[in-house]
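Me: I would like to learn how features of a protein model are read. Could we go through it together, one feature at a time?

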Amino acid sequence: MTATATRASARAGRSRRSEPSESGSRRARWRLAALLALRQIRRARAASLLVIALVALPIAGTAAALIYAQSQQPTIDEDIVDTLGRADVALEVVGGPDPTRRQYFDQPYWAEVATDDDGYPLNEELPPRADIEEILPDVDLIETAYAQVIARTDKGVGTLPVEVGRTWDPLLEGRYRVLEGRTPETVHEAMATPAALERLGIEIGGTAVLTDPELELTIVGTMGTRWTNEHDMTLFVPDGTVEVENDDPMLKRWFVADDWRPTPAEIDALNEEGVVVSDRDLMRDPGERASPDFDQGSGTDWAMFSVVVAAFVFSLYIVLLLAGSAFAVSARRQRQALAVAASVGADRADLRRIVLWQGTLLGLVGGLVGAVAGIGLGALVCEIMRQRGSLIWGLHIPWLLIAALVVLAAVVGTLTALLPARSAAKMNVLAALRGARRPVAMTAKRPVWGIALIIWGIAITVASGILLVVTYRSSADLRAESDLLVTGMIGMMAGPLFSQIGVILAGHAVLALMSRLTSRWGVAARIAGRDAVANPSRIVPAFGAIAACAFLATASFGGAAVLVADTQKAWVWEAPSGSVTASLWFADDREIVESGHGDRVVSETQAMLRDAGATETALVRIPLWPAYDETTGEPADDATETFAEVSTYEICDERDPVPDCVWADADPRMGDYSPPVVVEPDGLPLLLGDAVDDETAERFAAGGAIVDGPRWLDGDEVVLHTWLTGEVYGPGASSAEPVATQRVPADVVPRDDRQFSGSVILSPAAAERIGLATQPDRVIALFDTAVDTAFLDRLGGLADELSQQVSVDGETEIMMSRQEEPPTPGPWMWLILGATTVLVVAASTIALGLSRVERRPDDATLTAVGSSPIVRRWVSFWQGLVITGVGCVTGALAGLLPVLGALFILEGTVGRPLTVAELPWPFFATLAVGLPVVIAVAAWIIRPASPDLTRRTAIA
């Protein structure tokens, strides 16, 4: 009998001179483990490439997202050039004088003032300084300003932004760029962006005709700016060509043209005057006056950052599960090679090192591949978004963050190899050399822990929902001062995750249960079930990854449905869907009513719409706006407003239990109320989007009203209350009494639960009888042709032109809009389902592919004993059904927890936009049942590879 000497006895037999040092021996073992790991990686090319791809995908996506986000932010040098050009100092008015205002040197426009406990400025708001040159009379300044003009375009007239001043001065080079042509030399010459020339329909040398102000400008060149793109439409005119609106100093900017440089004390003094300073040196080195970290991003930026982080964490979770499954298969396939290494002296630590090295190396390679692919993808995304109009400063690559991603990829690869390395270290060497495998034993504690986590997750979700409802319905001070809302929201997300982790811990027991249930369906189902139970390290991570995808999809389904339903509930309809609205604005509403100017504008607008192809038009009038004192801005003493209100709050309580109607008991104007609108009888069908019956139309024309629901009726009448405006919004509003009450007979015409801007419609006869003064508000038009964006732009040009014709000193404006439909959940549902399908199919493909690879000896045995290929197809079918079915069902059930919790919270706080029955159950069913069946059928259709009949499995 031979025996292998241990390391201790081997060292004892050597001479002291030839004995290596302990550190050298350790380094040699690490090098040997790395070499053996590389050898195993080359031998298992397919599994290695799979792990590399799994690690590279999230790294590439995250790197691309980081590059895109970074490229949207200027570097400090780009920010300086964008702000100053070649100048050293620029100044801008941001508000009125305030002795507490202080700016940050590196973020000049981030200026803070002292506020009270409610966040309002402590000092009285004062008007800004009219001219900064009065503050700095001895400093040479170049002034630029922003204005707007109305110009004739190739399709009518339109509004264009204007930069006024010597923007082509060499001092501002970099901030502004001369693209082509020359710079203006007189006040009758100007420059424009290429997009502005295209809209004007002219070329360099052509004439731009302005209608407000009335002016003709010769375009002598093109210019661009660093902060805009090729779609920007701007004119650049000399000083004095166009006036700045109200000479507003906050629309101006001054650049220092001499060598004056302000000290920090002088900047503080300017800040107190309402002026902020951009200084080249201070922006680069702000010192103690640097802006705080992590407070600069807007809510949108943080939301996008959160989405990227969440997507990255989710992707890493999927990678850990799937790559761990692949490693488990790879480790089992190299059991004999590892056993040979153990037989010649490798101990358990060496075997762990070999497997861990594989994970580390594959993770590192995957990270490098993902980083390279992410840089290329990020550059492509930046170029595409730049062409679509997004502001991309340049290709900014955050090398440190990408290097951190590569290191993280190596860590992830190491983590995926931890369990396989542990199993390799515990293997029976002699059994592995013989090719024998010990049956997998089920751990008794794991199912118990799994069930406990499932129950714990459900309990956390329920408790968090109750906590949110109680906290939301508590006092505003408690909501503002406590962390209960944040705690409840975290619990709503953490509870379902705990339940899902519990399902994974109990996964082996779940597979055993599924095996017993499916074994009754034939030999193929029995083989598939036993294979799943015998290989939990491969199957459990696979259905765990699928469950994660299903969980995210289910929660997304429910969230999209709830958000869209809430949007639909709050959607305000100005007109029927697809129609066009010409909104009318007048500088003095009372004067246009008394002078008849408003009626002339309405007539001209209706004629313009009919000439454009409108088949029907309807005028909507609204109550005249209350009069206000021009000096104080307060409502006049006799100013009144008229509202229709819900007649009985019991109806309101049944319709919406909290919280509006609770307030309505104390103050009716805080509940459901609506100012009435007035429509001619012949325009009623167009406004309602449908014809009304003859009797209703006759009662309406005779002086009646139409309401959209019975809540407005007291008997068969609608009650209109008139209040003094000062009392409605004054401190004693809750105790005010109406100065007049009118009743108008009304009919109910439901509008499919749509919230129209006018829930109460009066006929002109009714408005005249109750003495309700009205003014034109909008003209609704219906067209036979589809109103697309180009057609709406043409109508907008006609409206701008008409506004100029009927307006004096800009007191009239006509604005065109199209009545859009509220979003529907369908597109979002299909998008989520499509993305989930891709993820689930990818995870299932990996899991089933690994199953087929590891099942090759079993397939050879089945074939050797006379099994037909159809049996192996059915084995693949049942494997696909078990893996994807368990994953999709458990993930969908876990995903329903936050959805049902959200409905519970909405029901207990602000009203529920959806009921449980109205949730997208067909999509839930498609995800939980339909998708596993489709994948199982696909696994049956794809023919398994021909078995390799070896001498071990062949029967003569």
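Me: In which hand, left-handed or right-handed, does α3 pass α10?

Reply: This is a predicted model, in which local features need pLDDT of at least 70 and side-chain atom pairs count only at pLDDT 80 or more, while totals for chains, interfaces and linings use all residues. Residues are numbered from 1 along each chain as its sequence is written, and side-chain values use heavy atoms, with hydrogens and water left out. A crossing is right-handed if the near helix is turned clockwise from the far one by less than a right angle, and left-handed if anticlockwise; here α3 passes α10 in a right-handed crossing.

Me: Which residues does glutamate 92 pair with in a salt bridge, and how far apart are the closest N and O atoms?

Reply: A salt bridge is a side-chain nitrogen of Lys or Arg within 4 Å of a carboxyl oxygen of Asp or Glu. Glutamate 92 forms one with arginine 253, the closest N and O atoms being 3.0 Å apart, and the pair links strand β1 to strand β11, 161 residues apart.

Me: Is glutamate 92 buried or exposed?

Reply: Buried means under 20% relative accessible area, exposed over 50%, and partly exposed in between, with a 1.4 Å probe and protein chains only. Glutamate 92 is buried because its relative accessible area is 15%, and arginine 253, at 14%, counts as buried.

Me: What is the relative accessibility of arginine 86?

Reply: Arginine 86 is at 52% and therefore counts as exposed, and its side chain meets that of glutamate 173 in a salt bridge of 3.4 Å, N to O.

Terms used: Helices (H or I, at least four residues) and strands (E, at least two) are DSSP runs, numbered from the N terminus.
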